[in-house]
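Thanks for coming. I will walk through one protein model, starting with the overall layout and then moving to single residues. Please keep the picture in view while I talk.

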Amino acid sequence: MKLYTFFRSSASYRVRIALNLKGLKCEQVPIHLRRGGGEQLGSAYKAINPQALVPALEDGGRILTQSLAIIDPADKAVVRSMAMLIACEVHPIQNLRVLNYVKATYNQTDEQVNRWAQHWIDLGLSALESMILAQPKGGKFCFGDAPTLADICLVPQLGNARRYGCDPMQYPAIVAIENNCLALPAFADAAPEKQPDAE
Ligand SMILES: N[C@@H](CCC(=O)N[C@@H](CS)C(=O)NCC(=O)O)C(=O)O
């Protein structure tokens, strides 16, 4: 088992604590976040974690990312890492209050603020596309042939992506999954335009 880590990384620190609590021994592979502009940004590490963030845990050839997901059992961990990529790393930084703050505090136009949102959404969706394509079994959804927490996070995020001018067609695996989700009443009936308060 290998933990890709940086000593000062608080997310890596969480995993180190969990491994210690479980009494699990693990080889540490240091990824220096500042040296040479950041080793996490190199292609070698991005092949391990397309999000270019530490930590990542390799166990039996399988790579897990997102600290809280790593601490979960294996299959569940993959789903959680996908869900958290969206819910923790994409959605919060293009949320309305953040965009309003960026706009007002730094005197930005709507166009500039939309570009901010696009940047973070595209960064997350391109990492998620790589993670989906790397799944050994594939399937109709983000993980396998039944919807999971990852799909529940993905479909609403794609609505935001389009609202801020991103083009999801760049991510064919994601768009195929979205279509499979929207074919299910649970997803289709929850769409914003179907809600009683829709404008
Ligand atoms: N939600 C992620 C956060 C991971 C994260 O943000 N890691 C930081 C170190 S604590 C990182 O790799 N930063 C590199 C960068 O911002 O380029 C997790 O819990 O694993």
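What pattern does the protein follow, read along the sequence? The answer is β-α-β-α-β-β-α-α-α-α-α-α-α. In total there are nine helices and four strands. Helices here are DSSP runs of H or I with at least four residues, strands are runs of E with at least two, and both are numbered from the N terminus.

Some housekeeping. This is a predicted model, in which local features need pLDDT of at least 70 and side-chain atom pairs count only at pLDDT 80 or more, while totals for chains, interfaces and linings use all residues. Residues are numbered from 1 along each chain as its sequence is written, and side-chain values use heavy atoms, with hydrogens and water left out.

Now the overall dimensions. The C-alpha atoms fill a box of roughly 55 × 45 × 30 Å along the principal axes.

How much of the protein is buried? Buried residues make up 40% of the 199. Buried means under 20% relative accessible area, exposed means over 50%, and partly exposed is in between, with a 1.4 Å probe and protein chains only. The protein exposes about 11,400 Å², and carbon and sulfur atoms supply 56% of that area. The areas come from the Shrake-Rupley method with a 1.4 Å probe, and for residues only the protein chains shown count as cover.

On contacts, meaning heavy atoms within 4.5 Å: of those with a separation of 6 or more, 57% are between residues 24 or more positions apart.

Next, helix α8, residues 172-182. Which residues of α8 are buried? They are Ala173, Ile174, Val175, Ile177, Glu178 and Cys181. These buried residues pack against α6, α7 (149-163) and α9 (185-188). Glutamate 178 has a relative accessible area of 6%. Not counting residues up to four places away in sequence, glutamate 178 touches Leu158 and Arg162.

Helix α4 covers residues 74-90 and includes alanine 87. Is valine 79 buried or exposed? Valine 79 is buried, at 9% relative accessible area. Leaving aside neighbours within four places in sequence, valine 79 is in contact with Phe143, Thr148, Leu149 and Ala150. Between valine 79 and alanine 69, ten residues apart in sequence, the C-alpha distance is 8.0 Å.

Alanine 87 counts as partly exposed, at 39% relative accessibility. With residues up to four places away not counted, alanine 87 touches Pro92 and Cys153.

Now the aromatic rings. The structure holds four aromatic pairs. One of them is tryptophan 116 with tryptophan 120: the ring centres are 5.8 Å apart and the planes are at 70°, so the pair is edge-to-face. For the rule, rings of Phe, Tyr and Trp (its six-membered ring) pair if their centres lie within 6.5 Å; planes under 30 degrees apart count as stacked, over 60 as edge-to-face and the rest as tilted. Why are these two tryptophans about one helical turn apart? Tryptophan 116 and tryptophan 120 are separated that way because they are four residues apart in helix α6, residues 110-133. An α-helix has 3.6 residues a turn, so residues three or four places apart point the same way. Tryptophan 116 is partly exposed at 29% relative accessibility, and tryptophan 120 is partly exposed at 26%.

Last, the backbone. Most residues other than glycine have a negative phi, and most peptide bonds are trans. Valine 54 and proline 55 are joined by a cis peptide bond, with omega about 10°. Proline 55 sits in the loop between α2 (43-46) and β3 (56-59).

Glutamine 66 has a positive phi, near 70°. Glutamine 66 is in the loop between β4 (62-65) and α3 (67-70), and is buried at 12% relative accessibility. Asparagine 107 also has a positive phi, near 55°. The place of asparagine 107 is the loop between α5 (96-105) and α6, and at 68% relative accessibility asparagine 107 counts as exposed.
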